[in-house]
Amino acid sequence: MKKKILFSLKSPYREQLDVIGFRFGHGRKSLAIVGAMRGNEVQQMYVCSRMVQALKKLESEGKIADDAEILVVPCVNYYSMNIGKRFWAMDNTDINRMFPGYDLGETTQRIADGVFSKFQGYEYGIQLASFYQPGIFLPHVKMMDTGFTDPEIMKDFGLEFGIVRKPRPYDTTTLNYNWQIWETKAFSVYANATDEIDVKAADEAVNAILRFMDNRGIVTSKTPPGYITEIIDEDMTKQIQSEAAGLFFRVTEIGKTVEHGDVLGRIYDPLDGELVAEIRTPVSGTVYFAYNSPLINAKTVCFKVIK
Amino acid sequence: MVETVASIPLAVHESLTIQKRRIQNGKNQTRLSLVTGTHGDELEGQYLAYMIGSFMDAHMDRLNGIIDIYPALNPMGIDSITRGIPMFDLDMNRVFPGTKRGTMVEVICSSIVDDLSGSDVCIDVHSSNIFLKEIPQVRISVPTAKTLVPYAKMLNVDFVWIHDAATVLESTLAHTLNSRGTKTLVVEMGVGMRITKEYCQQLFDGVLNLMKELGMWKGETSPVREPIISEGHKVGFVNSDAAGIFVPCASFGDTVKQGDHIGDVIDPLTSKVVERALAVCDGMIFTLREYPVVYGGSLLARILQPVGGEKS
């Protein structure tokens, strides 16, 4: 293992930002794994730190393929993490909306450019991703449909679902999208939590990434058996909105199979405690996303169900 | 008449409500929409909305058409000094056209677009952010330039910046409305979290002039200035390479020569100048940094080169 500084940025009042990468093996650039780019992506950083541990062990046992190099970058934006901010503290910009970056541009464009130059050239890229809404996910793998990456490759993770997302304009400045434009087969792995550690979900994500690496011939690793992944189009999932606002109580679990009409959640008036709405699923399927904040506004996507 | 464009209940005893004011007189159905307050830290448009509305109230007999004023597309952001929508990650101006089946913000954006569509002209007023000060300008993407530049010239701005189209900008309000046939001009002026009265007055005169050209205004108007159009010009960017405190020595609107001293980035701890910021080309400073703290990459100034000017 080699621990290297991939990119540095001076600050007027803090110690220099040094983005650390861990390299394993040597030869062909096979896989880059990237964790936290936002300051609250603690679970994403944790999964990467677990990958560093797992790869150290595999390397010491000689189980990394002869011609394979793996890069793990647990945390790009620890500056925000250390002060409790999600985005870049100075201007509230999101590094993951700045790719491919620009070396003469604004600060977060320069950070994106600096790290992207080190993330490029790998055959595969995995980002530990978080979602822009508060919520919990069934661990799954997702890719953007740019026409470059074969969705069938997602089956090698052995997660229950592989979701294909049609990119929207605001996705075109993300790492995942730009990786594919620069010919890296890119995937986002969702490990349930964001600003807290979910060890069980992290175990599942680590095993999924090791399984992927084993299936792709990058390492030799024994992992628990995975699922036969179902590949689905994101447009085929059902988003369920809250029709009322108030205190939100989820009454279903992530991963649960539900039938049309089942109650998934209830909303109560926050002042007088009256039940104001029951959230029922209009389709049968598997719950893969649930909102998890106690307060909910109307028209909030509170569940997603894979039909 | 104040109307509700969208209203969605919030968790505790309150609704998020987007409102507009319709001012109408005469038989002419030509409709001008003035929208602002997409970013909660941009306040120049608040004063402009007041100026237009109060002036029309006092001179209603000279109006022949419809003015719709949307002062706050992001009222919670303005109320909490938050650029974006509080508790929502994405910039509101990257969520258009929205959808009725999406998140709360997407539902709101969809309602806003539905309400604005069909306006003859829409003016989307932005300030700069808190970091930079901008001269009054209209920004137009290349594909819409032919249609929009004639209207931009009516608005009494100093500068019309025709910029390349970018995929990420397809989710802005202006792109959405222009692609639906509603001519939409994006104005940038001033600085975030402040009101620059002279700029508001300048744009106010431009709005009246535009209304006159549209046949909506029968009263007097002031002469408008001929803006510099960016076609044929180049824009030079001065970014900081060092971190520290930026202290300018040039002023906003100054004409400079390449290599002229614009300001210094200083280190208060060591008392050293860590970077001398120099003009990258000849031209006029039309953007200047207002907020002193800088990192590597922070934009310090933009310089508009004269026609035919070449950046070194």
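Strand 12 (residues 246-250) and strand 14 (residues 263-268) of chain A pair in the antiparallel sense over four bridges. Strands are DSSP runs of E with at least two residues, helices are runs of H or I with at least four, and both are numbered from the N terminus. Two strands pair if DSSP finds at least two bridges between them. A:Phe249 stands opposite A:Arg266 in strand 14 of chain A. The model is predicted: local features need pLDDT of at least 70, side-chain atom pairs count only at pLDDT 80 or more, and totals for chains, interfaces and linings use all residues. Residues are numbered from 1 along each chain as its sequence is written, chains are lettered from A and ligands numbered from 1 in written order, and side-chain values use heavy atoms, without hydrogens and water.

An open sheet of four strands has the order 15-14-12-17 in chain A, with antiparallel pairing. Strand 15 (275-280) and strand 17 (295-296) of chain A each have a single partner strand, so one side of each lacks a neighbour in the sheet.

The structure holds 24 aromatic pairs over all chains. Rings of Phe, Tyr and Trp (its six-membered ring) pair if their centres lie within 6.5 Å; planes under 30 degrees apart count as stacked, over 60 as edge-to-face and the rest as tilted. The ring centres of A:Phe137 and A:Tyr190 are 5.1 Å apart and the planes stand at 50°, so this pair is tilted. A:Phe137 lies in strand 6 (residues 135-137) of chain A and A:Tyr190 in strand 9 (residues 185-190) of chain A, 53 residues apart. A:Phe157 and A:Phe212 form a stacked pair, 4.4 Å centre to centre with 20° between the planes.
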